[in-house]
Structures are given as C-alpha cells and as structure tokens.
Amino acid sequence: MLIFNMGCPSGLRSLLLLFLAATASASVLRHRDPLPDGFVNAPYYPTPYGGWADDWSESYEKAVDLVSQMTLAEKVNITAGTGLYMGRCVGNTGSVSRLGFPQLCLQDGPLGVRTTDNITAFPAGITAGATFNKELIYERGVAIGEEFRGKGANFYLGPCVGPLGRKPRGGRNWEGFGSDPVLQAIAGSQTIKGVQEQGVIATLKHFMGNEQELYRMYQLNVQQAYSSNIDDRTLHELYLWPFAEGVHTGVGSIMASYNAINGSAASQNSYTINGLLKDELGFQGLIMTDWLAQISGVASALAGLDLSMPGDTVGNNIPLDGYSNWMYELTRSILNGSVPVDRLNDMATRIVATWYQLGQDKDYPPPNFSSNTADRTGPLYPGALFSPTGVVNEYVNVQGDHKVVAKQVAQEAITLLKNNGSFLPLSMSSPISVFGTDAQADPLGINSCTDKSCNRGLLGMGWGSGSANYPYLDDPISSLKRKVTNVTYYNTDDFPTVPAPTSDDVAIVFVSSDSGENSYTVENNHGDRDADGLALWHNGDELIQNAAETYSNVVVVIHTVGPVTMESWIDLPSVKAVLVAHLPGQEAGDSLTEVLYGDASPSGHLPYSIPVSEDDYPASVGLVATPTLSQIQDTYTEGLYVDYRHLNQAGIKPRFAFGHGLSYADFLFSNASITAVTPLSAVPPARPTKPASPVASLNATVPGAQEAYWPDGFDRIWRYLYPWLSTSEADAAYAIGAAGDETYPYPDGYSSVQRSDDGGPPAGGPSGGNPALWDVAYTVSVTVTNSADAKFGGKAVAQAYVQFPSDINIDTPVIQLRDFAKTGAALAPGQSATLELSLSRKDLSVWDTVSQNWVVPVPEGRYSVWVGSASDDTPVVCYTDTLECGSGVTGPV
C-alpha cells in the first residue's frame, strides 16, 4: 500500500501534488530493459465467471438476485473506492443504499487494525511463522478477526504471503511468515480461517512477485514498475503455492501486487488473474488492486480485476484530483461497448457474493473509527477540499483478552540459536547489565513515528502499512526490572565505560535490523535493507564485540525483520547465548524475560536460514535497479533454489539452518511410522466438470444511457469519486456503442466468449484447483520424548521434509518442507507425545510445464520423508515404497 502522510502540513501536500501534476504532464516514457526470452505471459481471455464452486453456490444465488436489480451506475459504484482519504477507512467502496448494500470498509494491516486506537499490536507474520504452531497461528487469526469486526472493518488486508522472502534484503518479508512456500501456505491459511470465522473478509496479498520494494510501482507513466520474470514451474511450486492454499481455504479476496509479472502489470495481467487465479485455482472471490496501483481502465477490467482501490491512482494520473480509471470511466466504457456488460456483472457479483459468503448481510457493524485522525470529530472526507464534519472516532475498545494470545505468539517464536554450556536460563542472583537502545521503548513515544517509520528504541514491527499503533508496549528493560533487582541499564548503542565486571556478571545486548515499505526511507534504507544489508543496525556488531571483550558472559537478543550476519561475534567465547525474538509487537517484555529466566523454554524455529555471508545467496536474489527510467527486469534465474533450497543444492553450510531452534528441554524422536492413505497415479484424476455459473443468467445487454445520468439534485463532494456521467456524456457514450463504428483496440488473443469446460486447465478446479491435489497420500506419526534427564520442560516441533526419488530425471531441491506440527503443551522431563504429519498428492508432485498439470514422477518410487527439528537435523526417515521408518539416522544435509 502506498502511503501519503496526511499529518504533514497542507501546504506541503499541495506542493507535492503540484509536483506530481507537473511530472505527469512531462513526456511519457515507456522504455524498459529487454524482457528475457520465454517470460512473456500468454493472453488469457475472457475472465471466467465466478459462482461454480459448491461451497459458494448459495452466496452466488443471493448475489445474482441482488445484482440483477442494480442499475449500471450502481454496479459500477461497488467496483471501486470513493477516493483516497474519502472515508473513515483506508479504502471505502461505493454503496447501493437503495438495495441495502452498504459501503464496505477495507483496512490494514496484517498484524492489527492500523492507524487507530484500542486495538492489539500483535506480533508480525514472521514472528507467527517462527512459532511453527498451527493452532496458535489460527488463534492469532481469530483475535485479529474479532478486532477488525469490532472496529467495523469489512476487509482485513492480510495475511501477507507475498513476498515469499526470495530476497533476504526485501523490505516486507516480515509481513509474511517465512522463506518457504509451505510455511507461508499453512500459516496464511490458518490466519484466513481464524479471521473469516469472525465474518471478516481476509485479503491474501500480494499476488505475485512482490519481492522488492525499490521500483515496485508504476509512476505517472514515467517510471514503470519492475517486472518479476518467473518461469512456469517456479511460479507454481513456489510463488503461487501459498495463494492456492489460501484459495482452497476459502479466502474472500486477493490483492494484486504493484509490480509487473513477466512484463505485464499484476493488476491487469490476464494470464495470472484470469488464467491462474480464476480458472486454474477456481477462485470465487474478488481481486483488488494494491493502493493507487491501477494503470488502466478497460485493460484491467478485461484482465479480470474486480475492485480498484482506493479508486484513484498514481499509475497514470495523480490522486485527489477526482480522476479514476473506473467509476465514471467504467460507466462510459460499458455504454460505448469497450467493456462487456457480463464482465461488469461478474465483478459486481463477485463482490456481493463475498459479502454474503462471510455473512456480512446479517448485523455487521459499520466502521466506528477513523484511519485519518485520532480526534473524535473531524472531516468526513479528509481528501476533499471542503468536507462536512462529524463524529469519526467512537473509541471502541476491541482488545478483549487478546494480549494473552499476542504474548504467547511472541514467546513461542523466540528462537534460541546458541546456548553454550546450557548457560541459559539465567540465575535470578546474577548481576545483569543491559546494553542497547533496542531494550527500551522509543523515548519520544511508542507511536511517535508515523507507521513506525523509524528504528528508535525497541523494534517490535517493521514500518509501513503493515504496522499498527501500540496501545502500550511492554519493553524488555521494564520487564527485567520487574523480575530481578540487580539490573543496570546502559541506554546506548555505543559501548560505555562500565565498572569492572566479575565472572558472575551477565551482559544482555539488544540489537536490531529493520525494514519496511518503500513509502518511507529510514536511515537511508528505502523499504528494502538496501543501505545496511544484513548487518545489524546502529553498530550492533561492534556493541556485541565490545561487550564480549569486557564481560565473560554475554547474551545477545536480536529483534529483526529477517536474517542478519553474525560472523564477527558469534564464535566469541564470551557470547554464551543468542536469541532471535523477531518482531514481538506489544508484548515484547515478559514474553522474553520468562524465557531468559526459565519460566518458559524457547520453542521458536527459524523461518529462514541465517547465512555465513550474504555472498552465499545466488546473485539473482540481490536488489535490482537500473539508472534510467526503464522497466527493470528482475529475472528469477535461481528458479526453485531460494533460501535453504539453494544452500543445500550448492553445498553451502549456513551459520544456522532453516528451521533451527534450540530448547532447554532435550527432545528425542522415535517410533516413527508411515501409512499409505490414497493410492497415487502419475497424473491426478480428471478435474471435476465445471458447472454453469449463475452469472450467465444476468442481463448482458448494454443498458440505456439514463442508467448513468447524475441523480437530480445530488449534493456532490469535490474530489469524491462517483459512477455517474453528465447526460450529454452518457448519451454520447451510448451512441458510440450503438453505432459500432469505433471499437476499443483489444489485446491480441482477446475473446468475450466463455471457455468451455473441456478447454480449462487440466490442473483446474473449484477453490484451489483439482480437489484430488489435496488427497492425503501418506501420514507420518512420530513420538517425541523429553529426556528424563532434562532439567526443563518444553514444546517440541517436528518438521517433515520430502526428498524425491534419486532416479528421476527431474531437477528437484534436496529436501522441501511439506508439513510441521508442535506439541500442544510443554513436555515435562520423561514425558512423550505423538505428532501427526501428512503429505498430500501435491506435496509429492512437480509441475509439468508441458502437460500443465501436477505430476507424481514415480508413484511407486522411494520418496524419503525426513523428520526432525530443523532442515539440517532430521534423525528420522520414512520411505513411501516400503512403508518403513528409521530413527537415529543422518539426514541428507
């Protein structure tokens, strides 16, 4: 989401808009770096109708009935926002009050209700992913959903599964759950389930290839967004995977990314929207733009876009001047015949059906907050030069007891990387010296930086639209001082002069690494960590080294958005323990100190690898830029090999592997068994027949121009976006369409005729694709035991990785995560629990680019299922051919 800070002086805003206007009137530049061969998406038209999935049928029947009663202008009015800052929420659709369809509120963000009060600032997605706890991630989703509903937001603009984390420096990786498609898919789906059970529409984002913040956007026909060039197999096996899982879970909406995919903007890419999302994955909900990302009117409608947010754009115009690519322009395009009526029918029906699907037609609360101001009263439409005023904030407290689940997520995510000599947990009697500004809340105020666009004090979340306001912040130094009395705090990132420590003294050093959205630049980092790279911020490495020279016992706590390099200090003998606390949100204090002192055992695991050097990654995952105003080509030449997949293939040992995480407990895996459930064939059973859509029953004739006329006596708000045209404009548009002399220059391959079922993708099907892909092929059961000699209890995680048969002529990663499970309660010394893991047909398949289907290379072959606590610690293996398992073995990496 693009952000304009409405808190800046109005004069500066006016100057900004004048500058943008001048830029927009400059010579149009359409140059781009050459698109590599083989990466052009084939055209895919028309947009498949929604309404052919059984689990959406009732909602579509209701939606078709309602849409059939709408006029042209009413249908158009619900397909776009009313403009930037033209309502209480970050996005506000038009309404059809005549028929009882309300204005819908769309609100950020993935970790909590953004830019308002009386909410919970939950741990970020990367923190939730580090818990490796499906049930806890679901509970986080439930709590988030309750808060969005309580605030009256119809849409939760999350979860985020794109970026996948391909680029370690990527600015928004922390909004997602980790650098693995299955981890992202499971965590995203659990979040969707939790949120949508509260009646809130979840929005899975960003679809797809949004792996870098720099040059992500189309800007006023001058700067084109970069193009993520992804081959077919890589796209299916990595970047589309979590979206397919989300669609299978029933997600109501999806947000397109800012960037281009294989040369075509994501918000008007007919192949990815019509072909992949709506046909192959059978998505029944709606797809929207990211904020201000729409760059065309007719082209985006034909390509399958359903909702333009917030209604205006920076792609080919400037916001806040009353211009929209849709609204009145879409009305014109319907009347003049450029956009078929059935495409508008499908847009409107998808939006209304999603509203029904989530039960929002029954006692759903209206918005009771403002994302524009903290004042009780203010302008109802802040983006208008002149606006009526009224109550905009009702200060509804939606926190409930959500701090409990927020703390549990923060705590279960804490990842113990190193614990030499079982130094942790600490003794209550040890003198403690704490170093680093990251230990304490921002001294200028916990919400003093707009959208967290500074790294001052404790880092609890990254910056940008994925942030939220803290209601309070339990910081580590406050928690430590509550827990023990012998604490000295040095609130500095430069090592100070300290009294000579004894051998019993412990130094706890807090360090951080931040990133966020390209809307802000923080300490020369433009969203991505382009300036600091994977180094710790604020001289963190030097602070640790100096502490290690002075103290015999050093504990390092890292709050970070992603991997950081640590070779300059990780092996120093004084550095006894290292913990990654990720981005803990408001519950950063007690969640950590309880781990430091043994009230809880760490049970988090890395959702990414930590390399020895940034040079260990393939060169293609670095940030890309060109010096000219061109479309930058970001080509995914590494293919399937990102993060641990690359390191394993290249034989590079990371400093800490994906999935790594130590515990105070001592876990042993044993008694593994594997059971065949569904017999596999090389190719899945044929996709189900696609039934007729009720959308086809709607009248697709161009209506009379009078359906677009401005209502008599209508009181307009300046800059507010409306669907109506003047009488003369409507009549003129209708006349053009009726004459048929002027036609829109449709793209190559365009057709308005719905494809027959036998022409659909072989892998296609309702709500995620061919249902057979989710058939369980094998289950694996494993017993995990905490040693009787252990001094502490703890929660254990089992991670299941698949290794494909060695005799197939297909390149596959050495191992790939396919499932994980965590014990529900801490296992006391000597206690055991059984964890169940499952593998689907899709988990054992590869994407065949010729047949365009998921293929099991050798159904009867030996697939090895490696189970353990990390990708490089898999002491259990089960074989699919013999259904035998072994324990105490050496894993493949």
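When the bonded cysteines of the protein are numbered in sequence order, the pairing is 1-2, 3-4, 5-6. The structure is a predicted model, in which local features need pLDDT of at least 70 and side-chain atom pairs count only at pLDDT 80 or more, while totals for chains, interfaces and linings use all residues. Residues are numbered from 1 along each chain as its sequence is written, and side-chain values use heavy atoms, with hydrogens and water left out.

A disulfide is a covalent bond between the sulfur atoms of two cysteines. Here the assignment was geometric: a disulfide is a pair of cysteine sulfur atoms within 2.5 Å. By this rule the count comes to 3 disulfides. One of them is formed by Cys-89 and Cys-105, with the sulfur atoms 2.0 Å apart. Helices (H or I, at least four residues) and strands (E, at least two) are DSSP runs, numbered from the N terminus. The link of Cys-89 and Cys-105 is left-handed, with -105° about the S-S bond. Both Cys-89 and Cys-105 are buried, where buried means under 20% relative accessible area, exposed over 50% and partly exposed in between (1.4 Å probe, protein chains only).

A disulfide also joins Cys-449 to Cys-454, at an S to S distance of 2.0 Å. The torsion about the S-S bond of this pair is about 100°, so the disulfide is right-handed. Cys-449 has a relative accessible area of 12% and is therefore buried.

Cys-878 and Cys-885 are likewise joined by a disulfide, S to S 2.1 Å. The disulfide of Cys-878 and Cys-885 is right-handed because the torsion about its S-S bond is about 110°. Cys-878 is buried, with a relative accessible area of 0%, whereas Cys-885 is partly exposed at 27%.

Cys-160 was also examined for a bonding partner. The closest cysteine sulfur to that of Cys-160 belongs to Cys-105 and lies 20 Å away, which is too far for a bond. Cys-160 counts as buried because its relative accessibility is 1%.

Helix 7 (residues 232-239) and helix 9 pack at an angle of about 55°, and their axes are 14 Å apart. Axes are lines fitted to C-alpha atoms, for helices over the stretch in contact, and angles run from 0 to 180 degrees between N-to-C directions. Helix 7 and helix 9 are therefore oblique to each other, given that angles under 35 degrees count as roughly parallel, over 145 as roughly antiparallel, 65 to 115 as roughly perpendicular and the rest as oblique. The contact (heavy atoms within 4.5 Å) is made by Asp-232, Leu-235 and His-236 of helix 7 and by Tyr-271, Leu-276 and Glu-280 of helix 9.

Tyr-271 is located in helix 9, which spans residues 270-280. With a relative accessible area of 16%, Tyr-271 is buried. Not counting residues up to four places away in sequence, Tyr-271 touches Asn-41, Ala-42, Tyr-44, Asp-232, His-236, Leu-276 and Gln-852. The C-alpha atom of Tyr-271 is separated by 24 Å from that of Val-352, a residue 81 positions apart from Tyr-271 along the chain.
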